[in-house]
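The entries are in the order in which I looked things up.

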Amino acid sequence: RMSAQGSSSGLAGRRVPVAMADITVVRLAFQLALLWACEGDKVTNVVVRKIGSDYNYVLDQSEALPEVQKGSLVYMIYGSDADVKVTDEILIAGPSTLKRTSQPSTGFAKAAELRQSTELFARWLNAERGGLTVSKRKKDLKFLWFDDHESELAVANATAWALRALDPAGPAAFAMGGWGSELTQFSALQSRMDNKLMISAGASRRSIYRENAGFIFGLLPNDDEKTTTLFDSILHMAQEVDDGRGPATEDKEPCGSTSCRSSLKLGLLGPCLSADKDAGLASFGAGNVADVEHLTVDGVTEPTDAMLRESIRKLKKFNVTLLKICKLSVLVTQNVTLIMEELDFNVFAIMSDVSLAPTFSELLYQGWWQGSSFLEPVAWDESRQTRGSFSNWTSTDFVENFVSDFGYRPTPHAAAQFAGLCALAKAVEATGNVSTDHIRAALQVMELDEFYAKVSFDEYGQAKHRFLIRQSPVVKRSGAIARGTIAYSADDALVRTFVFPMPPWAQTRCRFDINIDFEACSGHGECSKTGVCVCDAGFLGGSCSDTVPELQKTFAESELFKIILIVLGLFFFVLAVIGVFRFVNRQRKLRIQTYKQDLERAIADRAEAVQHKLMAQLHHLGCSMHEIQGFVKSTRKRQSEQSGISLAYLLSLEFLKLAQERSGKEDPTFYDLKDCIFFGDNPIGKDQACPRDGLKGVALVDALEKHQRGQCTHFLSWTWGYKVSTIRGALQQWLDGMVDGTRAEEVFFFMCFFVNNQYRILVNHEKIGAADLERVFEENLKRIGKVVAVLDSWDSPRYLTRIWTIFEQVVAIKLNVPVTMVLPADASRSCLDEFENGKAGIIRVKNSLTKVDSQSAEAFAPEDEAAVKDLIKRTIPGGFEEVDKKIIRFMIRWVGDQMEIHMRSLVTIGGETQSTQGSFTVCGG
């Protein structure tokens, strides 16, 4: 491990910039060993060449690393403190611009921000979170960059060095992309040649992802969608204003005599792409895009004042209302607005790609009020306050930590870098390894809510979320500049506010210049579109700062008396109105409550016509259709989840015939029924929409007729290994023994085979966590309140060998829920025969029913067995031993109760002793 240099206090990670000459000397022996060990193994180097102004590449099969420029730098962030020995680390490496190639250097600044975001992530992950848990081992992340000299010619070679040769522990596990699409197109290709998966927060060009699909995952949305989203936001804002939902204003014609939507005409200024014009034609229609010569800049010479003035005059002549400024610097953009004000060229919106630049903000602070309300697409904004499911950070947390460490506010690229590393770390922990194939598979299906966005990737590996449209803040003379706002977004986690149309230059200047106590027109008026203060009543003057002198008033008792009478009259009128309103509202609420109760019954009866009628009546009473549909949806879900299978149906010939015909067996087990009911050519309920989640495939109880299901009255504890005859015989015994006259049609069992959605569990293999398992099961037991447990036999019952039934008994005992044990008729008679054998028989029954070993109990699905046993170990003091004791105590008590019942059944009638043979049930525990 190299010693750390220039480390900051309090950092778990260390920053280590080292010149290439130093790296060569330190690692010479390691490099030679690496090359000798790989002698004969070919690697593929991407060699980039420049022909004219274009770059292309060739693939070179070689046994050595490619050449790099002299003076190349290596920059490393350790996964943990350099003074502490770390058992295991995962290396992530890539190219980065590590020194300035020009003054100023845009690439150097962007690359530095990505490295700083990575450093913040490394410190949080390794120090605060404690690293990653990979296959039950703790691992830190270590990051390394190799200098790409801000050059397409050097970036592929830098990538190869970073990935293969710079760490003694071995090659990197993953690659990091650089700061832009131009460099990433070649570094991603080299990463793919090395079979390394790359995370990119700097590339948005679509072609990079198409060409390297499966090897690069990017956090920036498709660059081609920037302009489309920008124009969509304009259409949305214009329509909102036309519909009266725009910003509050007293202007009845904010866009002139016609609607905002029909007044949209686009003008392009600067070296815009043909795609910008195509998107404008698609959004605003032919004839509504200015066809003027665009300013072309050769990359060195800025457009002159005369060039700008001529182009702006053309745009004004075309009656442009929307201006898109393309690829012009902040200072040139400022000059554009000054010329527009001078020529009195007012537009509804100005769009640019520089409003996030630090220079733009500096000019706003200096009073450049013409820069207010610019629109620009961004991938992220710090106003998004979703808390990350992996990082547990909000955007505010990220910004505050970044500013604290580095002294400036992060751009979306920094947030994207942090979120991309969260996604990679999440995938590593989920898969338990660093295999490219495994991590790729995990990222392709990932849906990770982070403060940056909902991180998910399309088929090429590019971020799915859409751009946001940010609007720069309104400048006020106070000097306090607010953050920009989000004017348009499909993300519900953001609050959207916008200024549209932009006020005329004269009105904006009035709000800035005639600004006393930081309020336009002294706070006593409004600026008109012509830039003149319109004063409130009682104020006058150019800035509304003077008050109108009050006239001396004469005796006014009569006026006062009139005012008192008017106030009293209004008071009693308001009281009467409130009383009537409360009465009407109370009657309305009662009617709504009655209709909702009727609607619940109609839903349970599946009476569609009645449902539609009641929904219409609720809508007539003022309930929104959204609220009504939500009530119907939640009722169907609740009724489905609380439905049980009818005892009458279980005992019916209809069910017996279904079981026999489906399985082809005379007496199938429920495992047999599983295969023929939920799988095969004609599964029951597969194509029905589930009322619980809306997906296809329903619980079996939802596929039955109304009379075959109902609100659960009892919980049935049993196993799928039982035969149909065992269940039917035991439940018939239980029903025959009911002394309160309960009928089969009144009993509905929570029987997992019927009430759980087996298409999710068996077909889709969805699993429930241990914490949810305990909560859901306890909620069901408390709600139902009665348990019927079916034993197949008293002699070594299968019931006591299954972890599910043992768990059900323990929870019932813990919750003090009454349990009724029931045996089929043959088993019941056999048990009574044993009792009549005296002490030896009773002991045999007791010994057989107390053979409990929960730690060895099994489940059909190994993962279910592991989940239930883990739950027992975590939630029951004493673990398996205590569970066994509880079950044994319960069974002993049950055997004693059965013996007492049997003894009482031996009665003397007419001098004869009668033995009662029949049902064998008892309530206990």
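Predicted model: local features only at pLDDT ≥ 70, side-chain atom pairs only at ≥ 80, totals over all residues.

The entries below cover cavities, aromatic rings, charges over rings, one serine and some backbone angles.

**Entry 1**

**Entry 1. Largest cavity**

I asked how many cavities of 30 Å³ or more there are. I got two. The largest cavity holds about 50 Å³ of space.

I then listed its lining.

Of the elements, α3 gives the most, with three residues.

**Entry 2. Second largest cavity**

I put the volume of the second largest cavity at about 40 Å³. Its lining consists of E774, E778, F807, V810, V811, K814, T875 and I876. Two or more of these residues come from α25 (770-784), and two or more from α26 (803-815). I checked which element gives the most to this lining, and that is α26, with four residues.

By type, I have four nonpolar residues, one polar and three charged around the second largest cavity.

**Entry 3. Aromatic pairs**

I searched the whole structure for aromatic pairs and found 37. I looked at two of them in detail.

I took W124 and F390 to begin with. Their ring centres are 5.9 Å apart and their planes stand at 70 degrees, so I logged the pair as edge-to-face; the cut-off for that class is over 60 degrees. I placed W124 in helix α3 and F390 in the loop between β14 (375-378) and α12 (395-406), so this pair ties together parts that are 266 residues apart in sequence.

Are W124 and F390 buried or exposed? I have W124 as buried, at a relative accessible area of 6%. I have F390 as buried too, at 9%. Both values fall under the 20% cut-off for buried.

I went on to F753 and F754. The ring centres here lie 5.4 Å apart with the planes at 70 degrees, so this pair is also edge-to-face. I marked F753 and F754 as buried.

**Entry 4. Charges over rings**

I looked for charged groups over ring faces and noted two cases. R210 lies over the face of Y460, and I have 5.6 Å from the ring centre. K596 lies over the face of F631, at 5.1 Å from the ring centre.

**Entry 5. S311**

I found S311 in helix α9 (residues 305-317). S311 is buried, and I have its relative accessible area as 7%. I also took the C-alpha separation between S311 and L268, which is 9.5 Å for two residues 43 apart along the chain.

**Entry 6. Backbone angles**

I reminded myself that most residues other than glycine have a negative phi, and that most peptide bonds are trans. I looked for departures from this.

I found a cis peptide bond joining F500 and P501, with omega at about -10 degrees. P501 sits in the loop between β18 (485-488) and α15 (505-513).

I have a positive phi for N319, near 60 degrees. I located N319 in the loop between α9 and β12 (322-325). The relative accessibility of N319 is 52%, so I count N319 as exposed.

I have a positive phi for S522 as well, near 60 degrees. I located S522 in the loop between β20 (519-520) and β21 (525-527). Is S522 buried or exposed? I logged S522 as buried, with a relative accessible area of 10%.

Note on methods:
Residues numbered from 1 in each chain as written. Heavy atoms only, no water. 1 Å grid on protein atoms, 1.4 Å probe; cavity = no way out; pocket = protein on both sides within 12 Å on 5 of 7 lines; lining within 4 Å. Points joined across faces, edges and corners; volume = space filled by probe spheres on them. Nonpolar A, V, L, I, M, F, W, Y, C, P; charged D, E, K, R; others polar. Phe/Tyr/Trp six-rings, centres within 6.5 Å; stacked < 30°, edge-to-face > 60°. Buried < 20%, exposed > 50% of the residue type's maximum accessible area, 1.4 Å probe, protein only. Lys NZ or Arg CZ within 6 Å of the ring centre and 35° of its normal.
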